[in-house]
Amino acid sequence: KAVVSTQSTGEFNAASLGNEYLVMILMGFFDLPFKLALFGLASRVGRQRSCQLYLSLALGCLVLTAIPQTGLIPISGNFTLKTILVALGRAFAGSVFALLYIYTSEILPTLVRSVGMSACSTAARVGSLLSPLVILVNEVSPSIIYVFIVVCLMIAMGLLRKIPETLGHPLPNNLEDCVALFGKMDRSGEMEMLAKPEHNK
């Protein structure tokens, strides 16, 4: 989310997108319905596939905004196709960020879930703090921002494939359950059905 949000504040500044207040309203307009749609999709097809789909769509929006002509196609008033694509890309990435809070808590075992969630949240905040620095690269070349965000998105999509699906499976209670969760993944990144652990009475 941090690197994709840079789109709206870096090379895509208020001057290039139109009225800055209307742009923020537009981005907020997409946020809620996209998040609700992602949560509904994740409960049907799984967390991993839903995140992959939304990240792919965010990547597609970013690639399309790199085409210079998108800033010349008017939509309404000061809004251009580029404005819509930036808002859509940010909404897709922001929705994945929201779902990852649920996905992460389902992967971490109960014994370290609180500590693990705190560590992940801290890492996310560090990324948000560093993302504005990417804007400074725009003074060298605007193309570097596109390459940076595309690479980050592709890395995120690649790492996401190594995380097992959690939909319809019991939460891991300890580290052994977590190891078993990752150990039962096949090459496609899907998870086989986990048998419920038998507890000795």
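This is a predicted model: local features need pLDDT of at least 70, side-chain atom pairs count only at pLDDT 80 or more; totals for chains, interfaces and linings use all residues.
Local features require pLDDT of at least 70 and side-chain atom pairs pLDDT 80 or more, while totals for chains, interfaces and linings use all residues. Residues are numbered from 1 along each chain as its sequence is written, and side-chain values use heavy atoms, without hydrogens and water.

The protein chain contains eight helices and two strands (DSSP runs numbered from the N terminus, helices being H or I with at least four residues and strands E with at least two). Along the sequence, these elements follow the pattern α-α-α-α-β-β-α-α-α-α. Of the 201 residues in the protein chain, 39% are buried (under 20% relative accessible area, with exposed over 50% and partly exposed in between, for a 1.4 Å probe and protein chains only).

Leu32, Leu36, Phe39, Tyr101 and Ile102 form a nonpolar surface patch of about 460 Å² (residues with over 30% relative accessible area and no salt bridge, nonpolar side chains being joined within 5 Å; a salt bridge is a side-chain nitrogen of Lys or Arg within 4 Å of a carboxyl oxygen of Asp or Glu). Helix H3 (20–45) and helix H5 (81–107) each give two or more residues to this patch, and the largest share, three residues, comes from H3. Leu36 lies in helix H3 and is exposed, with a relative accessible area of 55%.

One cavity of 30 Å³ or more is present (a set of points on a 1 Å grid where a 1.4 Å probe fits but cannot get out, lined by residues with an atom within 4 Å of a point). The lining of the largest cavity consists of Glu106, Thr166, His169, Pro170, Leu171, Pro172 and Leu181.

How values were computed:
Patches are made of residues with over 30% relative accessible area and no salt bridge: like charges are joined within 9 Å, nonpolar side chains (Val, Leu, Ile, Met, Phe, Trp, Tyr) within 5 Å. Accessible areas come from the Shrake-Rupley method with a 1.4 Å probe; for residues, only the protein chains shown count as cover. On a 1 Å grid over the protein atoms alone, a cavity is a set of points where a 1.4 Å probe fits but cannot get out, and a pocket is an open set with protein on both sides within 12 Å along at least five of seven lines; lining residues have an atom within 4 Å of a point. Grid points are joined across faces, edges and corners, and a volume is the space filled by probe spheres set on the points.
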